[in-house]
Amino acid sequence: MDDLLPLDAPYDRVSVLLPLPLDGPYDYKADPALGLGRGAVVEVPLGKRRMTGVVLGPGGDDVAEERLRGVIRSFDVPPIPDSVLDLVDWVAAWTLAPRGSVLRMAISSPGALEPPPSSVVLTSVSEVAWPPNTRMTPARRRVLAVLSDGPALEPKDLAREAAVGPSVIKSMADAGLLDRHELAPPPPFKAPDPNRSGHPLTGEQEIAADALRRAVTAGAFSVAALDGVTGSGKTEVYFEAIATALTAGRQALVLLPEIALSAQWLERFEARFGVQPAVWHSDLKPKVRRETWRAVAEGTARVLVGARSALFLPFHELGLIVVDEEHEPAYKQEDGVAYQARDMAVVRARLEEVPVALISATPSLETLENVRGGRYQGLHLAARPGSATLPSVEMIDLRRDRPDRGRFLAPGLVRAVEQTLADGEQVLLFLNRRGYAPLTLCRGCGYRLECPNCTAWLVEHRLLGKLQCHHCGFSGRLPRQCPSCEAEDSFVASGPGVERLAEEVLSRFPDARFQIASSDTIVGPDQAAEFVRAVNAREVDVIVGTQIVAKGHHFPWLTLVGVVDADLGLAGGDLRAGERTYQMLHQVAGRAGRADRPGRVLMQTHVPENPVMAALAAGDRDRFLDYETEQRREAGMPPFGRLAGLVVSAPDPQRADAAARAIARAAPRLDGVMVLGPAPAPLALLRGRHRRRLLVKARKEINLQRVLRDWLAPIRLENAVRLSIDVDPYSFM
Ligand code: ADP
Ligand code: ZN
């Protein structure tokens, strides 16, 4: 490893970045014998604590030797690669988060730093080497007999086979009759085999695959955007690029927005490469997390598929990054460091000098603009392979084709469901609302049940017998009496959630077997896999699902998709509402008719003339994109201009207002920069904190980060007040 150290290493003073909300590193003394260079992971004292940090480089000489504290130890792991340290700097500079907070994501598995526990096996020592006066007993003889005609054994297995107590084994080992050998644990991941063959590719798949393979072989930074209709074989195509990376001896990273639920993806990977890939997401068990982190660092994990945080893993031999479903808003982290994983994947690829492939059936406007500008290579898949065709999409105008009172399915949709069930095929009814009803109100006085901590209605979850806040997790029971007018039993549900829709399914189609699929009913990979199995085994006739069924799944018998409230995502009117609604509805529609049975999609809407609905009905994506692009260009909105959201929050409204006004007063007056607000945030109260928003809008060529830093750095806030900065916000709540 010595040859990895810079010329002036090992350092005797090191500058160590700690995973704390701090921007600057601290200096420590280091014994040169530790051999510390950039990227070394070390334990250092901080106050009375010990902390894990990463060496950025040599320390300065501005602190006197005797005031400097020493590095306690260095961990026996490969150094954090330069590309990751550079990425930490990049993300920090881009998001205005402290560098230490970003570093925290890169060393998020502290246990991984300790060497994995090795197992000990025992062999017998030949009699000539026994110490003098060795005492032999029947028990000891049995132990030696077991070892003489078998393999080396772990102490507990040896004790069991020889029918002796553990103390016998221990005393024999201590007496020098048994030799201890340490066995390193086997690597947790087997190597994927790139040479197994996948499906023979169609002509257009081959062209796209070849472009990706060539990018991998070139081993230079490039961005390809693979834009292909749902079911056109995009996954199949980027598997080819992964195979090329593996053959070239490189690692591959695949980002997937909801990997915890992507059982089907893992199966397909295994079918293609013979083994499961390494997986990374926030719900991993600590042991798996540790093993995975280390396996990535040591190179025994060759392909890793993960959620956005996988971007910070210590790959040393990365050859390819794939961002699947690149348009997914889930790539934007909202809490803590507000980064866009798709964008930062491009940054990491550039730092690594490797290609990145952005995959989508409905690419983001940002990506399409980059293709149009020639910065990204555009690759296209226009057709589904074989006999699968794209579903037909029709609008149901709810102004004319009205559901019965208290019901949510329009007669046109009900007829289509009946027909599909009669044909023995499956139906997905899509409604992106968890629970029974989004709003509960008093029939007598109109009083609405609200969360005490948030500006939000409580959502009834009838299966749980509770009302819940989807923002803070508050939950309570339905009160018998209205707190406002004191009427008894006067609360009624307003609007549908998936549970209420399932009730309608049950009463209209009593013979159909239905399953609710939402994040409340499908938790974790096992339940997701079971759900997929049940649907494919045709144990389910009607799926009543939220967005968790919108993506990635491939159900051959599903031929009808009914979108119960296509307008839902358009409300609120944030920047990307139209784009997001289009993407989501297009994805959901793509679940229909993926095998040889043609699919049909019916969308219930009050605004069929809306450009989103019109484009979906006409199957004319480009019309919508052109419209949306023009709107954004005219308004100077991203990707044609830049935005940053500032949220000021405090435990009471007065302090929130005062701080927000002080920040607004200090706002820069610059050409091309506009500051809007402060105004109460749409979620004016969240988890008990009062929130005010400012929005900064700037022309594209403005260095927005510098503007923000110059403006906000001198501002001192009271302790109780928090300011969070979101560069390129996706949420405007
Ligand atoms: P996408 O990622 O674009 O939605 P997939 O890669 O999931 O598409 O492919 C959709 C289905 O078509 C999958 O079941 C896949 O195995 C199958 N498929 C893709 N390409 C081919 C091909 N060339 N020949 C046969 N089947 C294919
Ligand atoms: Zn709440």
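Visitor: Which domains does the domain assignment of the protein give? Then take me to the place where domain 3 touches domain 4.

Guide: This is a predicted model: local features need pLDDT of at least 70, side-chain atom pairs count only at pLDDT 80 or more, and totals for chains, interfaces and linings use all residues, while side-chain values use heavy atoms, without hydrogens and water. Residues are numbered from 1 along each chain as its sequence is written, and chains are lettered from A and ligands numbered from 1 in the order in which they are written.

The assignment gives domain 1 (2-87), domain 2 (119-183), domain 3 (203-381), domain 4 (392-433 + 496-631) and domain 5 (641-727). Such bounds come from an automatic or database domain assignment.

Now the part you asked for. The centres of domain 3 and domain 4 lie 28 Å apart, taken over C-alpha atoms. Domain 3 brings 21 residues to the contact and domain 4 brings 26 residues. Contact here means heavy atoms within 4.5 Å. About 2,000 Å² is buried between domain 3 and domain 4, with 51% of that area from carbon and sulfur atoms. Buried area is the accessible area (1.4 Å probe) that two parts lose on being put together, summed over both.

Next, the charges. Two salt bridges cross the interface of domain 3 and domain 4. The rule asks for a side-chain nitrogen of Lys or Arg within 4 Å of a carboxyl oxygen of Asp or Glu. Arg 621 and Asp 227 form a salt bridge through their side chains, at 2.6 Å from N to O.

Seven residue pairs are in polar contact between domain 3 and domain 4, both residues at pLDDT 80 or more. On the domain 3 side that touches domain 4, helix H8 (263-273) and helix H11 (365-372) each supply at least two residues. H11 gives the most to that side, with five residues. By class, that side of domain 3 has eight nonpolar, six polar and seven charged residues.

The terms need their cut-offs. A polar contact is a pair of N or O atoms within 3.5 Å; within protein, one must be able to donate a hydrogen and the other to accept it, and residues adjacent in sequence count only if both atoms are side-chain atoms. Helices (H or I, at least four residues) are DSSP runs, numbered from the N terminus. Ala, Val, Leu, Ile, Met, Phe, Trp, Tyr, Cys and Pro count as nonpolar, Asp, Glu, Lys and Arg as charged, and the others, Gly among them, as polar.
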